[in-house]
Structure formats: structure tokens, C-alpha cells
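Here are my notes on this one, as numbered points. Have the coordinates open while you read.

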Amino acid sequence: MNPTCVPLVVKVSEAATVIVGIPNIGLSTCVSGSDEKISFEIAAENLIWSRLSYIGIYNDQDSYDMLMSDLFKEEDGRLVFCESEEPRLPLLRFKKIWSILKRRESDSVLEDVLDGKEVDKEDLKAAVDAENKKASLLDDVVFSSLKPIGQLTDAELLNRYSPESSSEVVEELLRRSKGRPFVAFSSERDGKIDQEITLRMLKESRKREMPIHYKVSDALYRLFVAGVFPSQVFYECPVHKGVLLLDGYCDECGHSWEGVDYKACQFVRLIVELGQCPKERPSLRQLIADARSCSSDDMNALELDYPNVAAVFRERCEEDKLPSLRSRTASSEASHVSDPFNVRTKPRF
Ligand SMILES: [Zn+2]
């Protein structure tokens with residue numbers, strides 16, 4: 001059986017770092033093997049374990065309790081670490097090790113305080129420091145996630161910014177940047193944001209118009225408006241402007257546009273823009289079916305039902321001015337706040 005006491009193992013390994021780097025204490029005589037650094041660390045730990053064993057401290061819970069009790073006094077430690085056989089530890093290194101070994105966990109110190117027991121001043125100070133540190137870490141992590149979006153610092157807000165972030169985050173960034181481009185990607189393809197440059201550009205964007213490109217050292221960054229991720233392209237529903245398709249499906253239509261040719265989708269959008277889109281479900285379903293039967297060279301099904309739209313379509317096609325259904329924004333409302341054709345609310349019959 002080989003009992004292990006985790007808190008003691010942790011302390012010994014921390015204590016080992018106190019002596020691992022110092023020359024001339026003879027650790028090298030204990031080292032063998034090719035990887036010197038690891039071997040020195042193991043040698044240092046072994047040394048501490050071996051000296052502790054001289055006074056009856058092993059790797060088990062009973063030993064740990066004894067070590068933490070008043071039974072184990074500093075002079076006992078000094079005797080085995082500094083005054084017995086080689087290698088002997090320098091006194092100050094031993095004192096550091098001693099303080100690590102005897103350090104009480106902050107919760108046990110605070111428990112004693114609550115129980116009205118007397119505690120060592122240094123222990124109490126260390127415990128309070130440790131608790132404060134924990135609390136401030138907690139502050140950073142938890143409270144920033146609870147803070148209203150408007151109260152987050154720029155950095156906190158940017159930390160939350162990703163293609164998946166909520167529309168509030170995007171809106172707040174748009175507000176702070178006055179809708180100007182400021183987001184720089186360290187990798188546009190992976191959608192990885194360069195936090196440092198983006199933070200600086202966000203501050204700039206509050207005060208002035210922003211360029212489309214920003215050059216720092218030799219790297220050229222494109223700057224993007226909040227909500228735009230170059231790695232992602234979304235498609236809008238041809239009928240419902242501003243509504244993004246999810247796997248081809250439009251919630252407003254209640255139909256999937258999956259597999260419909262992109263040009264046919266553009267034709268449908270033109271029908272909408274010219275105010276000729278049917279509102280009744282069966283007619284809408286028919287329109288989608290027509291669009292589905294079209295291909296980029298054969299728009300017959302749509303052209304037959306919407307001859308005047310077909311004329312405009314051909315015209316726009318030649319001018320390369322067909323409506324775009326590609327959207328670079330993950331937030332469906334961000335880029336199309338208004339719906340100029342009012343297709344969602346007002347039937348046109
Ligand atoms: Zn739709």
C-alpha cells in the first residue's frame with residue numbers, strides 16, 4: 001500500500017521549486033538521466049521527502065496532520081534540512097520551505113476565526129489575501145457576466161464578441177463605434193479577432209471616421225463593422241428581407257428554400273421589390289415551387305408567371321445589378337432595420 005496525501009504532495013512540489021534552481025547544494029549528485037530540468041525537480045522533491053521522513057513525516061494524511069500541528073516545530077525542520085547530512089540547505093531557503101510546508105489553507109484559518117479560536121497573525125493575513133484574490137477573480141469572471149451590457153468595459157464587451165454573441169452585444173458595439181468599421185481579424189478565415197488592435201480601433205472609432213484598412217508594422221488589416229464576420233456568409237429569405245435562412249429554411253415563409261438556384265432566389269427578391277409577391281400561403285408555395293424548378297439558364301417557370309418582372313430581371317442582370325441575398329451579418333435585424341416594401345405586414349391585394 002502506498003498512501004498519498006494530496007495537499008502534502010502539492011506543498012512538497014511547491015517547496016521543491018525553492019531549491020531546484022540554486023547551485024552548489026549538491027542536488028546534482030542526486031540527478032541522473034538525460035532530461036536535466038525534470039531530473040533536478042524530482043531530485044529536489046526526493047530530497048524534501050527524504051528529510052521529512054527522518055522525523056516521521058511520510059506521504060499520508062496522519063503525517064500531514066502532524067506536520068500541520070504544533071508537534072512539528074521549526075527547529076525540528078532546521079535540524080533535518082540544514083544540520084544533518086549533505087546536501088545541507090541554506091538557512092533562508094529552508095525558512096521559505098518551512099513557510100510553504102506549514103502554510104494553512106485559507107478556509108481552515110477562516111473557520112478557526114469564525115469559531116473564535118486564536119489564529120496566527122501571518123496565517124490570517126495570508127488567508128485574507130488569498131480570499132481577496134479569489135473574490136476579485138470571481139468579480140472578473142462572474143460579475144462581468146452579470147453586468148448589463150452597457151456597463152461593460154470595451155475589453156469586456158469585445159471578449160464576448162463572436163459570431164454566436166447576442167444581438168445586444170453587436171448593438172452595443174455598433175453604438176460605441178458609431179457604426180464605423182473597427183474589428184480586425186488576426187485570421188479572417190477562422191474568424192479570429194485581434195483583440196489588441198480591435199480594442200484600439202474601437203476607441204478610435206468613437207472619435208473619427210475609420211479607414212477600411214489599417215496597417216501596422218507589415219501587416220494590413222481590413223476593418224469590419226460590428227456584426228460582420230468575413231468567415232461567414234448567410235443568406236436571406238428571398239421573400240423576407242432581413243430574415244436569414246437557417247439551413248435553407250425561412251421561419252416566416254414556413255418553407256425551405258434549400259436547393260433553389262441563387263439566380264431564381266434573386267428573381268423572387270425582385271418580384272418582392274417590385275411589389276408583386278403573393279401573400280397567401282398557397283400562392284407563396286407555388287412561387288417557391290416555380291423557383292425550385294428554375295436553373296440559372298432556365299428561368300421559364302418564373303418568367304411565365306411574372307413577365308414584367310422578367311423584363312426588369314434581364315435588364316438588371318446585364319447591368320450586374322441584381323439584388324444580393326448574401327448577408328455578412330449573423331444578426332438578422334442589424335443590417336436591415338427597416339423593411340421598405342413592408343412585405344411582412346401588408347398584403348398587396
Ligand atoms: Zn421567407
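**Notes on the model**

1. Starting with a helix pair: helix H1 (residues 6-20) packs against H5 with the axes 9 Å apart and at an angle of about 165°. That makes H1 roughly antiparallel to H5 (the label applies over 145 degrees; under 35 is roughly parallel, 65 to 115 roughly perpendicular and the rest oblique). Axes here are lines fitted to C-alpha atoms, for helices over the stretch in contact, and angles run from 0 to 180 degrees between N-to-C directions. The crossing of H1 past H5 is right-handed, meaning that the near helix is turned clockwise from the far one by less than a right angle.

2. Before going on, some bookkeeping. This is a predicted model, where local features need pLDDT of at least 70 and side-chain atom pairs count only at pLDDT 80 or more, while totals for chains, interfaces and linings use all residues. Residues are numbered from 1 along each chain as its sequence is written. Helices (H or I, at least four residues) and strands (E, at least two) are DSSP runs, numbered from the N terminus.

3. Which residues meet between H1 and H5? From H1 there are Lys11, Glu14, Ala15, Val18 and Ile19, and from H5 Arg93, Lys96, Ile97, Ile100 and Leu101 (contact: C-beta atoms, placed from the backbone, within 7 Å). This contact of H1 with H5 splits into 6 nonpolar, no polar and 4 charged residues. In that scheme Ala, Val, Leu, Ile, Met, Phe, Trp, Tyr, Cys and Pro are nonpolar, Asp, Glu, Lys and Arg are charged, and the others, Gly among them, are polar.

4. On to the sheet. It is open and antiparallel, with 4 strands in the order E2-E1-E4-E3; strands pair if DSSP finds at least two bridges between them. Strands E2 (192-193) and E3 (213-216) are at the edges with a single partner strand each, so one side of each has no neighbour in the sheet. Helix H10 (residues 195-207) packs on the sheet and touches E1 (183-187), E2, E3 and E4, with its direction at about 170° to that of E1.

5. Lysine 215 sits opposite leucine 220 in E4. The E3-E4 hairpin has 2 residues between the strands, and serine 217 there takes a positive phi near 50°.

6. Most residues other than glycine have a negative phi, and most peptide bonds are trans. The bond from glutamate 86 to proline 87 is cis, with omega near -10°; proline 87 is in the loop between helix H4 (74-82) and helix H5 (91-102). Lysine 178 has phi near 55° and lies in the loop between helix H9 (167-176) and E1. Aspartate 247, with phi near 50°, is in the loop between strands E5 (234-235) and E6 (249-250).

7. Buried or exposed? Aspartate 247 is exposed, with 7 other C-beta atoms within 10 Å, and lysine 178 is partly exposed, with 13. The cut-offs are 20 or more for buried, 12 or fewer for exposed and in between for partly exposed, counting other C-beta atoms, placed from the backbone, within 10 Å of the residue's own. Of the 349 residues of the protein chain, 25% count as buried.

Definitions and conventions:
Two residues are in contact if their C-beta atoms, placed from the backbone, lie within 7 Å.
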